[in-house]
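Biologist: I would like to learn how to read a few features from coordinates. Can we start with aromatic rings and go on from there?

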Amino acid sequence: MKKNTSRRKFIATSIQAGITAGVLSTIPKGLMAFGTHDDHPTFKQSTLPYSYQALEPVIDAMTMEIHYTKHAAAYTKNLNDAAAVELKGKDISLENLFTNISGYSAKMRNNGGGHYNHELFWKSMQAPGTALHDGALKNAINKTFTDYDNFKIKMTEAAMTRFGSGWAWLYLDEKKALQIGSTPNQDNPLMDVSPIKGMPLLGLDVWEHAYYLKYQNRRAEYVSNWFNLVNWKFVEERLEKNS
Ligand code: MN3
């Protein structure tokens with residue numbers, strides 16, 4: 001697919017330049033100026049694990065569709081544009097890149113974070129109604145925050161005190177302890193620029209684009225309802241993988 005696309009682009013550009021298709025077929029592949037996007041990491045949105053309607057009534061279908069196909073898609077596209085310039089010849093994961101994100105452009109920081117954070121966000125939700133079950137995650141939450149209700153209060157506080165756009169996080173700090181905090185814009189705890197550092201387990205998007213159509217300015221109501229969407233099994237798997 002990728003090769004065909006770059007060849008089509010090459011042909012189109014070459015025809016514009018007045019080169020005939022006959023000449024084209026004699027040019028060795030290695031000399032083609034196009035297809036440099038094969039030399040840098042590329043990023044793809046994963047398919048949503050549910051329909052746009054699946055999270056109703058907590059998050060409406062229209063919000064999900066716009067959020068996934070417009071906002072999140074734009075982060076992924078812009079990340080790929082930044083990668084084409086800044087990651088040429090590099091084979092690096094986003095998680096590794098974030099540890100030195102201060103060495104890259106604001107475009108890389110904002111869109112790399114935007115892509116990563118949303119990929120995590122989609123996977124950490126499911127149709128409403130599944131409570132936190134007994135197991136490793138519940139034990140860790142109880143140990144750190146006394147109980148689930150207190151965890152919810154702390155996470156809500158992080159979401160509500162984040163001024164403007166950003167994310168609230170449940171994350172594992174460098175000592176593998178559970179922590180709650182928040183970051184502005186599309187930053188996350190993996191970034192060297194972040195004041196809170198560690199591995200994100202669960203992220204809550206508090207950008208207005210995540211809730212405005214249904215909740216308008218009522219962030220508190222969105223946050224409170226959002227807890228009913230959390231895919232605790234997914235969060236527990238991340239905890240176990242990173243402990
Ligand atoms: Mn968002």
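Modeller: This is a predicted model. The structure holds 14 aromatic pairs.

Biologist: How is a pair of aromatic rings described?

Modeller: Two quantities are used in general: the distance of the centres and the angle of the planes. Here, Phe98 and Tyr116 form an edge-to-face pair, with 5.5 Å centre to centre and 85 degrees between the planes. Phe98 belongs to helix α4 (residues 94-98) and Tyr116 to helix α5, so the pair ties together parts that are 18 residues apart in sequence. Both Phe98 and Tyr116 are buried.

Biologist: What kind of pair do Phe145 and Phe151 form?

Modeller: Phe145 and Phe151 form a tilted pair: the centres are 5.8 Å apart and the planes are at 50 degrees. Buried means under 20% relative accessible area. Phe145 counts as buried because its relative accessibility is 7%, and Phe151 counts as buried because its value is 0%.

Biologist: Which residues form one aromatic cluster with Phe145 and Phe151?

Modeller: The cluster consists of Phe145, Tyr148, Phe151, Trp226, Phe227 and Trp232.

Biologist: How should I read a nonpolar core?

Modeller: In soluble globular proteins, nonpolar side chains tend to be buried together. In this model the largest nonpolar core has 64 residues, of which Met155, Tyr222 and Trp226 touch the most other members. Helix α3 (residues 61-86) gives the most to this core, with 7 residues.

Biologist: What does Tyr222 touch, not counting residues up to four places away in sequence?

Modeller: Tyr222 touches Ile59, Phe121, Leu204, Asp205, Ala210, Tyr211 and Tyr215. One of these, Tyr215, has the charged end of Lys214 over its ring, 5.6 Å from the ring centre.

Biologist: Asp205 is one of the contacts of Tyr222. Which residues are the protein donors of the manganese ion?

Modeller: In general, ideal angles at a metal are 109.5 degrees for four tetrahedral donors, and 90 or 180 degrees for six octahedral ones. In this model the protein donors are His67 (NE2), His118 (NE2), Asp205 (OD) and His209 (NE2), and they lie 2.0 to 2.2 Å from the manganese ion. Along the chain, the donors follow the spacing H-x50-H-x86-D-x3-H.

Biologist: Why does the pair of His118 and Asp205 tie together separate parts of the sequence?

Modeller: His118 lies in helix α5 (residues 106-123) and Asp205 in strand β3 (residues 199-205), so the pair ties together parts that are 87 residues apart in sequence.

Biologist: Are His118 and Asp205 buried or exposed?

Modeller: Both His118 and Asp205 are buried.

How values were computed. Residues are numbered from 1 along each chain as its sequence is written. This is a predicted model: local features need pLDDT of at least 70, side-chain atom pairs count only at pLDDT 80 or more; totals for chains, interfaces and linings use all residues. Side-chain values use heavy atoms; hydrogens and water are left out. Donors are N, O and S atoms within 2.8 Å of the metal (3.2 Å for Na, K and Ca); water is not among the atoms, so sites may look incomplete. Helices (H or I, at least four residues) and strands (E, at least two) are DSSP runs, numbered from the N terminus. Buried means under 20% relative accessible area, exposed over 50%, partly exposed in between (1.4 Å probe, protein chains only). A nonpolar core is a set of buried Ala, Val, Leu, Ile, Met, Phe, Trp, Tyr and Cys residues joined through side-chain atoms within 4.5 Å. Contact means heavy atoms within 4.5 Å. Rings of Phe, Tyr and Trp (its six-membered ring) pair if their centres lie within 6.5 Å; planes under 30 degrees apart count as stacked, over 60 as edge-to-face and the rest as tilted. A charge sits over a ring if NZ of Lys or CZ of Arg is within 6 Å of the ring centre and within 35 degrees of the ring normal.
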